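Look at the model first.

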Amino acid sequence: MARKKKKRKLTEAEQRRLAEFNETCDNLVAQGYKRTNLTINLVAANVIAIAAFAVLGTICLVLFIQVHPDVDFIIPIPELVIYIVAFVVLIVAHELVHGLTWSRFTPNGFADVDFGIMRDTFTPYCACKMPLPKGQYILGALMPLIVFGIIPIMVAFCTGWLGLLYLGILMTISAAGDVMIVVKNLSHKSTADEVLYYDHPTEAGSVVFER
């Protein structure tokens, strides 16, 4: 007999958001929308992140050496501590950028965005409480990757700043879940006239509504 997956215990805030989410979903279905879940498995996302770290890190470092052959790969301890602190701060900022981007497209701005931490995996998250068109949802999902991952890596290559390269690689890897969500959304083909993507408040990913 297959073992049922144990559901994580939700906080009061998560329970409230889930109730609001379910109410909105029911209203959309009542309006004639078809619902499809596009959530992902966070454990799988973390495994992919580890594999991606090895591949991306190796590629970036090899290319960086080609561009900056005289770089010193030994980072002094005080400077290393600064980078570690910066990484922790950027993890929080990652979620903030999700929220700031999505809030540009919602009726009530930042009030339509919630933040929290999944206690069982200690994973911070940002949830948009309003359904959005595909392009707006994907832009909000990818913005932290662009701001804290891709841009710092490009700047590091241009300047030879090794520490920034390390941070850019780490922040790119931290966006592995976001990339998986976007890939799943893009792989969902729809011919409907109206398509809305609704961020799930307690799971990684979204629910798409079509009519």
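## Cysteines

How far is the sulfur of C60 from the closest cysteine sulfur? The model is predicted, and the distance in it is 13 Å, to C158. That is too far for a bond. C60 is buried, at 7% relative accessibility.

The search of the whole structure finds 0 disulfides. C126 is in none either: the nearest cysteine sulfur, in C128, is 7.4 Å away. C126 counts as buried, at 8% relative accessibility.

## Salt bridges around D114

The structure holds 4 salt bridges. One joins D114 and R17, at 3.7 Å from N to O. D114 sits in strand β2 (residues 113–118) and R17 in helix α1 (residues 12–30), so the bridge ties together parts 97 residues apart in sequence. Both ends are buried: D114 has 13% relative accessibility, and R17 has 5%.

D114 also pairs with K129, again at 3.7 Å. K129 lies in the loop between β3 (123–128) and α4 (134–159), 15 residues from D114. K129 is partly exposed, at 24%.

## The E194–R211 pair

E194 bridges to R211, with the closest N and O atoms 3.2 Å apart. E194 is in the loop between α6 (176–187) and β4 (195–199); R211 is in the segment after β5 (204–210). The pair therefore ties together parts 17 residues apart. E194 is partly exposed at 35%, and R211 is partly exposed at 38%.

Shared partners join R17, D114 and K129 into one network.

## A nonpolar surface patch

I77, L80, V81, I84, V85, V88 and V89 form a nonpolar patch on the surface. Together they have about 620 Å² of accessible area. V88 is in helix α3 (residues 77–103).

How values were computed
Residues are numbered from 1 along each chain as its sequence is written. This is a predicted model: local features need pLDDT of at least 70, side-chain atom pairs count only at pLDDT 80 or more; totals for chains, interfaces and linings use all residues. Side-chain values use heavy atoms; hydrogens and water are left out. Patches are made of residues with over 30% relative accessible area and no salt bridge: like charges are joined within 9 Å, nonpolar side chains (Val, Leu, Ile, Met, Phe, Trp, Tyr) within 5 Å. Accessible areas come from the Shrake-Rupley method with a 1.4 Å probe; for residues, only the protein chains shown count as cover. A salt bridge is a side-chain nitrogen of Lys or Arg within 4 Å of a carboxyl oxygen of Asp or Glu. Helices (H or I, at least four residues) and strands (E, at least two) are DSSP runs, numbered from the N terminus. A disulfide is a pair of cysteine sulfur atoms within 2.5 Å. Buried means under 20% relative accessible area, exposed over 50%, partly exposed in between (1.4 Å probe, protein chains only).
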